[in-house]
Amino acid sequence: MSCVDAAQTSTSGPFKISIASIKDCTDPAKPYMKNPPVTFQSSTRNGTLSGNITFLRDTRNMKIRLRGFVLNDGKWEPVYLINNLDCHGLVLHLVCATMNIKYDRKECRYFKGAFKTSITSAEDCATRDRPFLKTRPMLFHPYIQNVHGKNTLSGNLTVFKDVKDVRIKVNSYAYRNDKWQHYHSFNNLDCHGAMLHFTFGALKVKYDKKRCMFFKGFYSFRNIDVNQLQHMWVSAMPYGRVLWRVESYTSGGLFVCKEFDTITEVGSS
């Protein structure tokens, strides 16, 4: 969760609160989990709070701690502490209702959020981990089309000569606190796996799965539903803006590097 900076209050009694800023805690009481079950992204505008929360897997017995501080002579002084809030209590029940969070109150179980993804751009990589081959064996040109109000992916793939042992590396990045934060990696994928088998099928690329060889030719594809394709790859994603970087290479070097900017929202899978 995040720490909220509220305006200083000098007296008790009836009150109103507006949010001045919201940011990650600089000194959390406990270290962050390496693989957290939930992510929380929020922003403030004109004193109100907006954002999204993503449950990456079903989570039980989640608890929340609230700590309040007042700024006094340039120092934050603690004024209250609320420990171990869980879904059985009224406070967290009201919070969940306000944030549209689905959960089983009896079992204190929060459900993994379904998602839908739309694509907003497909561009060459801004930076690369390795240089391109001087003579690339294939070129990949994707572009976005709007079909009945829905963004889809179209394009073409040109294979200049038969190429074997092609591998693909995929990284995803979630946009958090005005910067890209690494989210997930798929390393050294090859044509023997199911993920690329489905992907190459959507791209209508001819290849020899046994030898992992792509045959010389010009391949075009139209109106690929990126949301359907992404659900073949992952079962959960953080809501908000997500960047996918796709690199294709052989032992000789890199020949394709593309970045796909997407928006992930609440939706059915």
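Is Phe-200 buried or exposed? Phe-200 is buried, at a relative accessible area of 7%, where buried means under 20% relative accessible area, exposed means over 50% and partly exposed lies in between, with a 1.4 Å probe and protein chains only. This is a predicted model, in which local features need pLDDT of at least 70 and side-chain atom pairs count only at pLDDT 80 or more, while totals for chains, interfaces and linings use all residues. Residues are numbered from 1 along each chain as its sequence is written, and side-chain values use heavy atoms, with hydrogens and water left out.

**Disulfide**

- The model has one disulfide, a term that stands for a pair of cysteine sulfur atoms within 2.5 Å.
- Cys-125 and Cys-257 are the two partners, with an S to S distance of 2.0 Å.
- This pair connects distant parts of the chain, 132 residues apart. Cys-125 is in the loop between strand 10 (115–124) and strand 11 (138–147), and Cys-257 is in strand 20 (residues 253–266).
- Strands (E, at least two residues) are DSSP runs, numbered from the N terminus.
- The disulfide is left-handed because the torsion about the S-S bond of Cys-125 and Cys-257 is about -95°.
- Cys-125 and Cys-257 are both buried.
- A disulfide is a covalent bond between the sulfur atoms of two cysteines.

**Aromatic rings**

- There are five aromatic pairs. Rings of Phe, Tyr and Trp (its six-membered ring) pair if their centres lie within 6.5 Å; planes under 30 degrees apart count as stacked, over 60 as edge-to-face and the rest as tilted.
- One of the pairs is Phe-200 with Tyr-207, which is edge-to-face, with 5.3 Å from centre to centre and 70° between the planes.
- Tyr-207 counts as buried, at 18% relative accessibility.
- Phe-200, Tyr-207 and Phe-214 are linked by ring pairs into a cluster.

**Charges over rings**

- Arg-130 lies over the face of Tyr-249, 4.4 Å from the ring centre. A charge sits over a ring if NZ of Lys or CZ of Arg is within 6 Å of the ring centre and within 35 degrees of the ring normal.
- Arg-136 lies over the face of Phe-132, at 4.0 Å from the ring centre.

**Nonpolar surface patch**

- Leu-66, Val-79, Tyr-80 and Ile-82 make a nonpolar surface patch of about 350 Å².
- Patches are made of residues with over 30% relative accessible area and no salt bridge: like charges are joined within 9 Å, and nonpolar side chains (Val, Leu, Ile, Met, Phe, Trp, Tyr) within 5 Å. A salt bridge is a side-chain nitrogen of Lys or Arg within 4 Å of a carboxyl oxygen of Asp or Glu.
- Accessible areas come from the Shrake-Rupley method with a 1.4 Å probe, and for residues only the protein chains shown count as cover.
- Strand 7 (residues 75–85) gives the largest share of the patch, three residues.
- Leu-66 is in strand 6 (residues 64–72) and counts as partly exposed, at 36% relative accessibility.

**Positive phi angles**

- Asp-73, which is not a glycine, has a positive phi of about 55°.
- Asp-73 is placed in the loop between strand 6 and strand 7 and is exposed, with a relative accessible area of 75%.
- Asn-177, also a residue other than glycine, has a positive phi near 55°.
- Asn-177 is in the loop between strand 14 (167–176) and strand 15 (179–189) and is partly exposed, with a relative accessible area of 46%.

**Thr-264**

- Thr-264 lies in strand 20 and counts as buried, at 2% relative accessibility.
- The C-alpha atoms of Thr-264 and Lys-216 are separated by 35 Å, and the two residues are 48 residues apart along the chain.

How values were computed
Helices (H or I, at least four residues) and strands (E, at least two) are DSSP runs, numbered from the N terminus.
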